[in-house]
Amino acid sequence: METEQENNTNFAGFILLGFSNSPEFRGLLIPVFLCMYLLSLLGNLLIMLLIFFNSELFHAPMYFFLSHLSLADLGFSSNAVPKMLQFLVSQKNTISYSGCLSQMYFFVVFCTSDNFLLASMAYDRYVAICRPLHYSIIMSYKHCLILAAGSWLLSFSQGLLYVFTIANFSFCGSREIPHFFCDLHPLLKLSCSDTSSAETLLMIEGTATMLGPLILILLSYILIMLKVLKVPSASGKYKAFSTCTAHITTVALFYGTLISTYLRPSTSYSGLRMRVASIFYTVVTPMLNPFIYSLRNSEIHAQSATKLPFYISCFST
(Lines give C-alpha, C1' and ligand atoms only; values in the text may rest on other atoms or scores of the structure.)
Protein backbone atom coordinates (compact mmCIF):
# COMPACT_ATOMS: atom_id res chain seq x y z
CA MET A 1 0.00 0.00 0.00
CA GLU A 2 2.81 2.38 0.93
CA THR A 3 4.65 1.51 -2.28
CA GLU A 4 1.54 2.33 -4.36
CA GLN A 5 1.11 5.69 -2.60
CA GLU A 6 4.79 6.48 -3.12
CA ASN A 7 4.51 5.59 -6.81
CA ASN A 8 1.50 7.89 -7.19
CA THR A 9 3.40 10.68 -5.43
CA ASN A 10 6.42 10.35 -7.71
CA PHE A 11 4.34 9.89 -10.84
CA ALA A 12 4.91 12.86 -13.18
CA GLY A 13 1.83 12.32 -15.32
CA PHE A 14 -1.88 12.19 -14.55
CA ILE A 15 -4.50 9.56 -13.82
CA LEU A 16 -7.70 9.83 -15.86
CA LEU A 17 -10.53 8.45 -13.76
CA GLY A 18 -12.88 8.26 -16.73
CA PHE A 19 -16.03 6.30 -16.07
CA SER A 20 -16.98 3.60 -13.59
CA ASN A 21 -14.51 0.84 -12.74
CA SER A 22 -17.32 -1.71 -12.80
CA PRO A 23 -16.45 -4.51 -15.29
CA GLU A 24 -20.11 -4.77 -16.35
CA PHE A 25 -20.33 -1.04 -17.05
CA ARG A 26 -17.04 -1.07 -18.98
CA GLY A 27 -18.27 -4.05 -20.98
CA LEU A 28 -21.28 -1.97 -22.02
CA LEU A 29 -19.33 1.20 -22.80
CA ILE A 30 -16.64 -0.40 -24.99
CA PRO A 31 -18.89 -1.61 -27.86
CA VAL A 32 -21.09 1.51 -27.67
CA PHE A 33 -18.22 4.00 -27.91
CA LEU A 34 -16.36 1.85 -30.46
CA CYS A 35 -19.37 1.72 -32.79
CA MET A 36 -20.01 5.46 -32.40
CA TYR A 37 -16.37 6.27 -33.12
CA LEU A 38 -16.24 4.00 -36.18
CA LEU A 39 -19.43 5.61 -37.52
CA SER A 40 -17.90 9.05 -36.95
CA LEU A 41 -14.65 8.00 -38.62
CA LEU A 42 -16.36 6.43 -41.63
CA GLY A 43 -18.95 9.20 -42.08
CA ASN A 44 -16.52 12.10 -41.92
CA LEU A 45 -13.94 10.37 -44.12
CA LEU A 46 -16.54 9.66 -46.78
CA ILE A 47 -17.80 13.26 -46.72
CA MET A 48 -14.23 14.50 -47.15
CA LEU A 49 -13.51 12.05 -49.99
CA LEU A 50 -16.70 12.94 -51.83
CA ILE A 51 -15.93 16.65 -51.65
CA PHE A 52 -12.16 16.57 -52.23
CA PHE A 53 -12.41 14.36 -55.32
CA ASN A 54 -15.18 16.39 -56.93
CA SER A 55 -14.01 19.79 -58.12
CA GLU A 56 -17.56 21.12 -58.46
CA LEU A 57 -18.39 20.37 -54.84
CA PHE A 58 -14.96 21.39 -53.55
CA HIS A 59 -15.27 24.86 -55.10
CA ALA A 60 -18.81 25.32 -53.79
CA PRO A 61 -18.46 27.33 -50.52
CA MET A 62 -20.95 25.27 -48.50
CA TYR A 63 -19.21 21.97 -49.33
CA PHE A 64 -15.75 23.51 -49.03
CA PHE A 65 -16.49 24.49 -45.41
CA LEU A 66 -18.24 21.16 -44.80
CA SER A 67 -15.04 19.30 -45.77
CA HIS A 68 -13.08 21.34 -43.22
CA LEU A 69 -15.79 20.78 -40.60
CA SER A 70 -15.55 17.02 -41.22
CA LEU A 71 -11.77 17.22 -40.79
CA ALA A 72 -12.20 19.10 -37.50
CA ASP A 73 -14.83 16.61 -36.27
CA LEU A 74 -12.57 13.73 -37.23
CA GLY A 75 -9.70 15.21 -35.22
CA PHE A 76 -12.06 16.14 -32.39
CA SER A 77 -13.26 12.59 -31.80
CA SER A 78 -9.90 10.93 -32.62
CA ASN A 79 -8.17 13.05 -29.99
CA ALA A 80 -10.20 11.65 -27.10
CA VAL A 81 -12.10 8.47 -28.00
CA PRO A 82 -9.24 6.05 -28.90
CA LYS A 83 -7.44 6.87 -25.64
CA MET A 84 -10.69 6.42 -23.74
CA LEU A 85 -11.24 3.02 -25.36
CA GLN A 86 -7.68 2.03 -24.49
CA PHE A 87 -8.34 2.87 -20.84
CA LEU A 88 -11.60 0.91 -20.84
CA VAL A 89 -9.96 -2.18 -22.36
CA SER A 90 -6.61 -2.20 -20.54
CA GLN A 91 -7.74 -0.47 -17.30
CA LYS A 92 -4.41 1.44 -17.40
CA ASN A 93 -5.65 5.00 -17.11
CA THR A 94 -2.37 6.90 -16.76
CA ILE A 95 -1.20 9.56 -19.20
CA SER A 96 2.14 11.35 -19.27
CA TYR A 97 2.46 15.08 -18.59
CA SER A 98 3.43 15.84 -22.19
CA GLY A 99 0.71 13.53 -23.48
CA CYS A 100 -1.86 15.32 -21.35
CA LEU A 101 -0.81 18.75 -22.64
CA SER A 102 -0.83 17.46 -26.22
CA GLN A 103 -4.32 16.08 -25.79
CA MET A 104 -5.55 19.37 -24.34
CA TYR A 105 -3.86 21.31 -27.16
CA PHE A 106 -5.57 19.36 -29.93
CA PHE A 107 -8.88 19.45 -28.07
CA VAL A 108 -8.73 23.27 -27.99
CA VAL A 109 -7.62 23.42 -31.65
CA PHE A 110 -10.43 21.24 -33.03
CA CYS A 111 -13.07 22.72 -30.72
CA THR A 112 -12.12 26.28 -31.73
CA SER A 113 -11.96 25.41 -35.43
CA ASP A 114 -15.50 24.01 -35.17
CA ASN A 115 -16.61 27.40 -33.78
CA PHE A 116 -15.10 29.44 -36.61
CA LEU A 117 -16.07 27.01 -39.38
CA LEU A 118 -19.70 26.96 -38.23
CA ALA A 119 -19.65 30.77 -38.26
CA SER A 120 -18.20 30.75 -41.79
CA MET A 121 -20.94 28.39 -42.93
CA ALA A 122 -23.61 30.66 -41.41
CA TYR A 123 -22.11 33.64 -43.23
CA ASP A 124 -22.19 31.63 -46.47
CA ARG A 125 -25.92 30.95 -45.99
CA TYR A 126 -26.54 34.65 -45.26
CA VAL A 127 -24.80 35.76 -48.47
CA ALA A 128 -26.56 33.07 -50.53
CA ILE A 129 -30.03 34.10 -49.35
CA CYS A 130 -29.71 37.81 -48.61
CA ARG A 131 -27.21 38.85 -51.30
CA PRO A 132 -27.58 36.27 -54.09
CA LEU A 133 -26.47 38.61 -56.89
CA HIS A 134 -23.11 39.18 -55.20
CA TYR A 135 -22.69 35.60 -53.94
CA SER A 136 -20.06 34.48 -56.47
CA ILE A 137 -17.93 37.56 -55.73
CA ILE A 138 -18.23 37.61 -51.93
CA MET A 139 -17.89 33.84 -51.50
CA SER A 140 -15.20 33.28 -54.12
CA TYR A 141 -12.79 30.38 -53.67
CA LYS A 142 -10.07 32.82 -52.59
CA HIS A 143 -12.27 34.35 -49.88
CA CYS A 144 -13.36 30.89 -48.69
CA LEU A 145 -9.73 29.82 -48.50
CA ILE A 146 -8.92 32.90 -46.40
CA LEU A 147 -11.81 32.15 -44.02
CA ALA A 148 -10.79 28.51 -43.62
CA ALA A 149 -7.08 29.33 -43.18
CA GLY A 150 -7.94 32.05 -40.66
CA SER A 151 -10.11 29.60 -38.70
CA TRP A 152 -7.30 27.07 -38.43
CA LEU A 153 -4.65 29.69 -37.67
CA LEU A 154 -6.69 31.19 -34.83
CA SER A 155 -7.41 27.68 -33.52
CA PHE A 156 -3.74 26.67 -33.44
CA SER A 157 -2.87 29.99 -31.75
CA GLN A 158 -5.49 29.51 -29.04
CA GLY A 159 -4.27 25.97 -28.40
CA LEU A 160 -0.73 27.28 -27.84
CA LEU A 161 -2.05 29.93 -25.45
CA TYR A 162 -3.77 27.32 -23.30
CA VAL A 163 -0.80 24.93 -23.30
CA PHE A 164 1.74 27.64 -22.39
CA THR A 165 -0.55 28.81 -19.58
CA ILE A 166 -0.97 25.33 -18.08
CA ALA A 167 2.76 24.58 -18.51
CA ASN A 168 3.58 27.43 -16.09
CA PHE A 169 1.56 25.86 -13.28
CA SER A 170 2.85 23.42 -10.65
CA PHE A 171 1.08 20.16 -9.82
CA CYS A 172 2.16 18.98 -6.40
CA GLY A 173 -0.98 17.31 -5.05
CA SER A 174 -3.43 14.83 -6.48
CA ARG A 175 -2.84 13.67 -10.02
CA GLU A 176 -6.35 12.28 -10.54
CA ILE A 177 -8.43 13.95 -13.28
CA PRO A 178 -12.17 13.15 -13.01
CA HIS A 179 -12.54 12.98 -16.78
CA PHE A 180 -11.78 10.68 -19.72
CA PHE A 181 -9.38 13.18 -21.35
CA CYS A 182 -7.19 16.09 -20.27
CA ASP A 183 -9.36 19.18 -20.14
CA LEU A 184 -8.72 22.71 -18.92
CA HIS A 185 -11.07 22.90 -15.92
CA PRO A 186 -9.89 19.74 -14.09
CA LEU A 187 -6.23 20.66 -14.71
CA LEU A 188 -6.80 24.11 -13.19
CA LYS A 189 -8.37 22.52 -10.14
CA LEU A 190 -5.41 20.14 -9.66
CA SER A 191 -2.78 22.88 -9.75
CA CYS A 192 -1.27 24.05 -6.48
CA SER A 193 -0.29 27.39 -8.08
CA ASP A 194 -2.38 30.56 -7.95
CA THR A 195 -4.48 30.19 -11.09
CA SER A 196 -6.96 33.01 -10.47
CA SER A 197 -5.47 35.58 -12.86
CA ALA A 198 -4.78 32.99 -15.58
CA GLU A 199 -8.26 31.54 -15.15
CA THR A 200 -9.81 34.99 -15.56
CA LEU A 201 -7.75 35.61 -18.71
CA LEU A 202 -8.63 32.23 -20.21
CA MET A 203 -12.28 32.67 -19.25
CA ILE A 204 -12.47 36.02 -21.06
CA GLU A 205 -10.54 34.77 -24.09
CA GLY A 206 -12.48 31.49 -24.26
CA THR A 207 -15.82 33.27 -23.91
CA ALA A 208 -14.92 35.69 -26.71
CA THR A 209 -13.77 32.82 -28.94
CA MET A 210 -16.97 30.89 -28.31
CA LEU A 211 -19.54 33.68 -28.20
CA GLY A 212 -18.01 35.71 -31.05
CA PRO A 213 -18.77 33.08 -33.73
CA LEU A 214 -22.10 32.27 -32.06
CA ILE A 215 -23.20 35.93 -32.22
CA LEU A 216 -22.24 35.99 -35.91
CA ILE A 217 -24.28 32.82 -36.47
CA LEU A 218 -27.34 34.22 -34.68
CA LEU A 219 -27.06 37.55 -36.50
CA SER A 220 -26.80 35.76 -39.84
CA TYR A 221 -29.95 33.76 -39.18
CA ILE A 222 -31.88 36.78 -37.92
CA LEU A 223 -31.11 38.55 -41.21
CA ILE A 224 -31.95 35.38 -43.14
CA MET A 225 -35.29 35.08 -41.36
CA LEU A 226 -36.18 38.70 -42.06
CA LYS A 227 -35.33 38.19 -45.72
CA VAL A 228 -37.22 34.92 -46.06
CA LEU A 229 -40.36 36.32 -44.41
CA LYS A 230 -40.58 38.80 -47.28
CA VAL A 231 -40.76 35.97 -49.83
CA PRO A 232 -44.39 35.83 -51.03
CA SER A 233 -44.67 32.10 -51.80
CA ALA A 234 -44.67 29.37 -49.19
CA SER A 235 -42.58 27.13 -51.44
CA GLY A 236 -39.94 29.86 -51.73
CA LYS A 237 -39.77 30.22 -47.96
CA TYR A 238 -39.47 26.46 -47.52
CA LYS A 239 -36.72 26.21 -50.13
CA ALA A 240 -34.71 28.98 -48.46
CA PHE A 241 -35.08 27.55 -44.96
CA SER A 242 -34.34 23.99 -46.12
CA THR A 243 -30.80 25.01 -47.09
CA CYS A 244 -30.16 26.05 -43.48
CA THR A 245 -31.72 23.20 -41.48
CA ALA A 246 -28.62 20.98 -41.42
CA HIS A 247 -26.40 23.82 -40.24
CA ILE A 248 -28.91 24.95 -37.59
CA THR A 249 -29.14 21.39 -36.23
CA THR A 250 -25.34 21.10 -36.01
CA VAL A 251 -25.05 24.49 -34.27
CA ALA A 252 -27.72 23.53 -31.72
CA LEU A 253 -26.02 20.21 -30.93
CA PHE A 254 -22.54 21.69 -30.68
CA TYR A 255 -23.21 24.86 -28.73
CA GLY A 256 -25.94 23.39 -26.53
CA THR A 257 -23.51 21.31 -24.47
CA LEU A 258 -20.40 23.43 -25.00
CA ILE A 259 -21.79 26.65 -23.51
CA SER A 260 -23.36 24.98 -20.49
CA THR A 261 -20.05 23.24 -19.77
CA TYR A 262 -17.33 25.84 -20.34
CA LEU A 263 -18.82 29.28 -19.77
CA ARG A 264 -18.44 28.94 -16.02
CA PRO A 265 -15.59 29.19 -13.48
CA SER A 266 -13.63 26.06 -12.61
CA THR A 267 -14.84 26.27 -8.99
CA SER A 268 -18.30 25.19 -10.17
CA TYR A 269 -16.86 22.32 -12.19
CA SER A 270 -18.75 19.03 -11.84
CA GLY A 271 -16.88 15.92 -12.93
CA LEU A 272 -19.98 13.88 -13.79
CA ARG A 273 -21.66 16.74 -15.63
CA MET A 274 -18.48 17.47 -17.59
CA ARG A 275 -18.06 13.85 -18.62
CA VAL A 276 -21.66 13.48 -19.79
CA ALA A 277 -21.60 16.76 -21.73
CA SER A 278 -18.21 15.91 -23.24
CA ILE A 279 -19.60 12.70 -24.72
CA PHE A 280 -22.00 14.77 -26.81
CA TYR A 281 -19.48 17.11 -28.42
CA THR A 282 -16.58 14.64 -28.70
CA VAL A 283 -18.51 11.53 -29.77
CA VAL A 284 -22.18 12.16 -30.58
CA THR A 285 -21.99 15.39 -32.62
CA PRO A 286 -19.04 14.31 -34.85
CA MET A 287 -20.92 11.04 -35.48
CA LEU A 288 -24.21 12.75 -36.38
CA ASN A 289 -22.86 15.60 -38.54
CA PRO A 290 -22.23 13.47 -41.67
CA PHE A 291 -25.77 12.07 -41.44
CA ILE A 292 -27.28 15.51 -40.81
CA TYR A 293 -25.61 17.05 -43.84
CA SER A 294 -26.15 14.12 -46.20
CA LEU A 295 -29.63 12.94 -45.17
CA ARG A 296 -31.57 15.38 -47.38
CA ASN A 297 -28.75 16.58 -49.61
CA SER A 298 -29.37 15.57 -53.23
CA GLU A 299 -25.85 16.52 -54.35
CA ILE A 300 -24.22 14.35 -51.67
CA HIS A 301 -26.58 11.51 -52.60
CA ALA A 302 -25.69 11.83 -56.27
CA GLN A 303 -21.96 11.82 -55.56
CA SER A 304 -22.35 8.87 -53.17
CA ALA A 305 -24.05 6.85 -55.88
CA THR A 306 -21.25 7.47 -58.39
CA LYS A 307 -18.16 7.69 -56.18
CA LEU A 308 -18.75 5.25 -53.32
CA PRO A 309 -18.50 2.08 -55.44
CA PHE A 310 -15.14 3.32 -56.71
CA TYR A 311 -13.83 4.01 -53.17
CA ILE A 312 -15.09 0.65 -51.88
CA SER A 313 -13.40 -1.22 -54.75
CA CYS A 314 -10.14 0.65 -54.04
CA PHE A 315 -10.22 -0.24 -50.34
CA SER A 316 -11.11 -3.88 -51.05
CA THR A 317 -8.14 -4.30 -53.39
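A disulfide here is a pair of cysteine sulfur atoms within 2.5 Å. By that rule, the count comes to one.

Before you click around: this is a predicted model, where local features need pLDDT of at least 70 and side-chain atom pairs count only at pLDDT 80 or more, while totals for chains, interfaces and linings use all residues. Residues are numbered from 1 along each chain as its sequence is written, and side-chain values use heavy atoms, with hydrogens and water left out.

**Stop one: the disulfide.** Select Cys100 and Cys182, which are joined S to S at 2.0 Å. The link is left-handed, with -120° about the S-S bond. Cys100 sits in helix α5, and Cys182 in the loop between β3 (176-177) and α8 (184-190), so the bond ties together distant parts of the chain, 82 residues apart. Helices (H or I, at least four residues) and strands (E, at least two) are DSSP runs, numbered from the N terminus. Both cysteines are buried, meaning under 20% relative accessible area, with exposed over 50% and partly exposed in between (1.4 Å probe, protein chains only).

Pick Cys111, which counts as buried because its relative accessibility is 9%. Then jump to Cys35: at 46%, it counts as partly exposed.

**Stop three: a helix pair.** Now select α4 (residues 61-90) and α5 (residues 97-130), which pack at an angle of about 160° with axes 9 Å apart. Axes are lines fitted to C-alpha atoms, for helices over the stretch in contact, and angles run from 0 to 180 degrees between N-to-C directions. The two are therefore roughly antiparallel (over 145 degrees; under 35 is roughly parallel, 65 to 115 roughly perpendicular, the rest oblique).
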